[in-house]
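Here are my notes for your review. Please read them alongside the coordinates.

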Amino acid sequence: MMEWLSDWLIGVTAAAILCALADRLMPEGSVRRVSKLVMGLVMLAALLRPLVQVEASSPLDVWEDYQARTAAQTQELEAERDQAMKRIIEQEFSAYIVDKAAQLGAACTAQVTCQAGENGVFLPQSAVVQGPLSPEQQETLARILEEELAIPRDRQTIQAEEGSP
């Protein structure tokens, strides 16, 4: 923006200097009056150059540019929406696991990682559960994760904290 303004100011200044020099060199009379008209037009052209310099583009170019920008924005918004949905679903699955552990009489934390399935629905891929869980609670929770959330045992990590029963 500043470069454009600088170029414009230099052009106007150069036109003014040229017109002043031409005015001093012109003889008196009708030639001088005509030259003043020409100098006025040169100054007007220098002042209005930014308006004339607007790049002319066809309506088809404008439409294609609009479509490309719209498609890019749509993809960006869909990606943001998918990430937000993934976070929400992961939080919901984590809360579900914590609730199931509470029903077993244990307090724990859970973190679930989801991935998009074939139809775009986010499904749980792995789970990490931490808390003071007894071996029976660990086994029951592992079975619940496998049966109800379809998380295979090889993608389950159940960590009993120190001092667990």
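1. A cut-off comes first: exposed means over 50% relative accessible area, and buried means under 20%. Leucine 37 has 57% relative accessibility, so this residue counts as exposed. The model is predicted, so keep that in mind throughout.

2. Leucine 37 sits in helix 2, residues 30-52. An α-helix has 3.6 residues a turn, so residues three or four places apart point the same way.

3. Helix 1 covers residues 2-25. Its 24 residues reach 35 Å from first to last C-alpha, close to the 34 Å expected. Buried in helix 1 are Val12, Ala15, Cys19 and Asp23.

4. Aspartate 23 is in helix 1 and lysine 36 in helix 2, so the pair ties together parts 13 residues apart in sequence. Lysine 36 is partly exposed, at 47%. Both residues join Glu28 and Arg32 in a salt-bridge network.

5. The whole structure holds nine salt bridges. One of them pairs arginine 153 with glutamate 139 (3.0 Å, N to O). Arginine 153 lies in the loop between helix 4 and strand 3, glutamate 139 in helix 4.

6. Is lysine 100 buried or exposed? At 17% relative accessibility, lysine 100 counts as buried. It is in helix 3, residues 59-103. Lysine 100 touches Leu141, Ile144 and Glu148, leaving aside residues up to four places away in sequence.

Methods. Residues numbered from 1 in each chain as written. Predicted model: local features only at pLDDT ≥ 70, side-chain atom pairs only at ≥ 80, totals over all residues. Heavy atoms only, no water. Helix = DSSP H or I, 4+ residues; strand = E, 2+ residues; numbered from the N terminus. Buried < 20%, exposed > 50% of the residue type's maximum accessible area, 1.4 Å probe, protein only. Expected span 1.5 Å × (residues − 1). Contact = heavy atoms within 4.5 Å. Salt bridge = Lys/Arg side-chain N within 4 Å of Asp/Glu carboxyl O.
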